[in-house]
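Keep the structure open beside you and try each task before reading its solution.

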Amino acid sequence: MISPRYAREIPQRYRLEAGRCTVCNAIYFPPRLICPNCKSKSFEEIKLNEEGTLLTFTIIRVGSEKFSKEVPYAVGIIELKDGVRLTAQLADCAVDKVEIGAKVKLVFRKIQEEGKWGLHCYGYKAILI
Amino acid sequence: MKDVAVIGIGMTKFGELWNQSLRDIFVEAALKAIENSKVDHIDSIYVGTMSSGLFVGQEHIGAVMTDYLGMNPIPATRVESACASGGAAFRQAYLEIASGQSEIVLAGGVEKMTDGADVTESLATAADQEYEVYNGVTFPGLYAMIARAHMHQFGTTREQLAAVAVKNHKNGSMNPNAQFRSQVSLEQVMKSTMVADPLRLLDCSPVSDGAAAVILCSMDAAKKFTNNPIKVIASAQASDTITLHSRESLTTLKAVSAAAVKAYKQAGIKPADINFAEAHDCFTIAEIVITEELGFFEKGKGGAAVEQGLTSLNGKIPINSSGGLKSKGHPVGATGIAQIIELYEQLTGKAGDRQVNNARIGLAQNMGGSGASCIIHILEAI
C-alpha cells in the first residue's frame, strides 16, 4: 500500500472518525461527501462509539497471502451503539467462543504488514467484553 | 427501442487451461460464436473481464481481442462490474442494438485465473478494499457471513447449503463444457475442507479459466441468419452498497430484487412465468438467497426449496441446469455470458441430457461482489 493512501485513512483507522449529516443525522463511516439518505453535503465530524454487538461472523481458514500466517481468525460485522456498522477482526479470543449477539469493543491494533519491508499498518479490531 | 435477439453462441471448456493464453481462449469462443451465428459482419465488440490486470497483467482488453480476432478497426470496449462483467457486457451490446446504433454486436467475457496470481487477493478487489479487505475478510468470508446470518434468522441448515452443490454438480455432470463433471454427495460436501465457517470448499465455485461469447442482432436483421432467434425480453441492472456491512439486512440482496422487479416489468411477466433460471451461485448460500430475491420462493424458504428438489432439473423451477458457477466453473468475466449461452441452448432445445422440459422463458442473474451490482436478462423462445 503506498503511503499517501495509508495516511489518508488514519483518521478512520486510528481514531474512528466518522461524518454525521447535519440535516438527517445519519452517520457515515468512512465520511462521505454527499448523504445517500437526504443528499445533503453538510457534515460534522464525530468519533464513533467503540462498543457494539456482533451481527454475524466467519472464521477465515484460508486467507490471502497477506493474512495466511494468521489463520484461523474470526471476522465479523459489528453494529456499534450509535448504529454504525463495520467489518473487523475479533482479537484476543478463541475462535470457537465467538457467537452472534456477542458484546464487543473496538481496540487499536496492528492489522497487517505491507510490502517487502514489512511496514506495520494499524487499525481497529474488536474484543469480546 | 428495437427488439434484440441472440443468434449465435460459442465458449471454451471451463477449467484449468494452462496451455492457452487469455487472448487465445477469448478468440476461440468468439470465433465459435461468429461461425455458429453465420453473420457476415460484426459492428462492435464488448468484452467483460473482471481483473485481467491482476490475473495476467494485461489491460486494454478490447483492443487486444479485436486485434487477435482480425477485426480492426471495429470498436471494442472492455466492461467491468466484478463478477457481473459478462452480464454487463451483454447488456451494453443489447443497448447498442436496441438504440439503433448497431445491427450486430459480439458480447464476450473472459478470465484467466490460473496463471499464478494470488486469486484470493485479486477476487477480493470486488469488495471494499479500505473497509472490508484491509481488515482481513476474504470473498468466501463475506458470503460466509451472509450464510451464518441466514441460518440464524431463518433456520437454514448446513445440509440445505450442501444440497445446492449436490444439485449443481449433478447438472454439471451433463454439461460437456463444465470444469467439474463429477457428482458429489451430501456427505462429501459436508466433510470438505472448511474455508470460511460455515462455508466449505465444496460450497465455493472454483478458480477457472474460460471464455464465452454470443452474437446479438436486431430482430429485424436476425431473420437473415436464423429461423430460431432467441429474443431478449428484459435487460435490467441495479446497484447496492459496496460493503456488506452497510446493508440494512445481511440476508437480502437488494440489487437482485431491484433488478428483478425492473426485468419482470420490462418483460410483462411474473416470477411464476419463468421456466428455468441461471443464478449466480458463486457460493451455495448465494443461490439460496437469489432464488428468494427473484421471487421464486418466500424469504427464508430458499434452503428448504432446494432440499425438496423444487430447483432440480425436473423441479418446479430448475436453477442452474448448466451446473452453475459451482460445477461449470467461474472464470469471472465469462460467467455472465456463459449463463446466456445456457439460456440459448435450453430455449433452442439443444441442452442434451440436461434439457429442461417446455423451456420457453429463461432468466439469467449475474452478480458482482457481495451483491453490489446485479444484472438480469430474460430470454424467450419465439
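Domain bounds come from an automatic or database domain assignment. The model you are looking at is predicted.

**Exercise 1.** Find the domains of chain A and describe how they meet.

*Solution.* Start with the bounds: domain 1 of chain A covers 1–48, and domain 2 of chain A covers 49–129. Next, take the centres of these two domains over C-alpha atoms; they are 20 Å apart. Now look at the contact, to which domain 1 of chain A gives 10 residues and domain 2 of chain A gives 14 residues. Together the two domains of chain A bury about 1,100 Å², with 68% of that area on carbon and sulfur atoms.

**Exercise 2.** Which residue forms a salt bridge with Glu50(A)?

*Solution.* A salt bridge needs a side-chain nitrogen of Lys or Arg within 4 Å of a carboxyl oxygen of Asp or Glu. Lys47(A) is the partner of Glu50(A), with the closest N and O atoms 2.7 Å apart. Between domain 1 and domain 2 of chain A, the count is 1 salt bridge.

**Exercise 3.** Why does the second largest pocket lie between two domains of chain B?

*Solution.* First, note its volume of about 440 Å³. Of its 22 lining residues, those closest to the centre include Pro140(B) and Cys204(B). By class, the lining has 17 nonpolar, 4 polar and 1 charged residues. Finally, domain 1 (4–118 + 207–222) and domain 2 (125–198 + 232–381) of chain B both contribute lining residues, so the second largest pocket lies between them.

Conventions: Residues numbered from 1 in each chain as written. Chains lettered and ligands numbered in written order. Predicted model: local features only at pLDDT ≥ 70, side-chain atom pairs only at ≥ 80, totals over all residues. Heavy atoms only, no water. 1 Å grid on protein atoms, 1.4 Å probe; cavity = no way out; pocket = protein on both sides within 12 Å on 5 of 7 lines; lining within 4 Å. Points joined across faces, edges and corners; volume = space filled by probe spheres on them. Nonpolar A, V, L, I, M, F, W, Y, C, P; charged D, E, K, R; others polar. Contact = heavy atoms within 4.5 Å. Buried area = accessible area lost by both parts, 1.4 Å probe.
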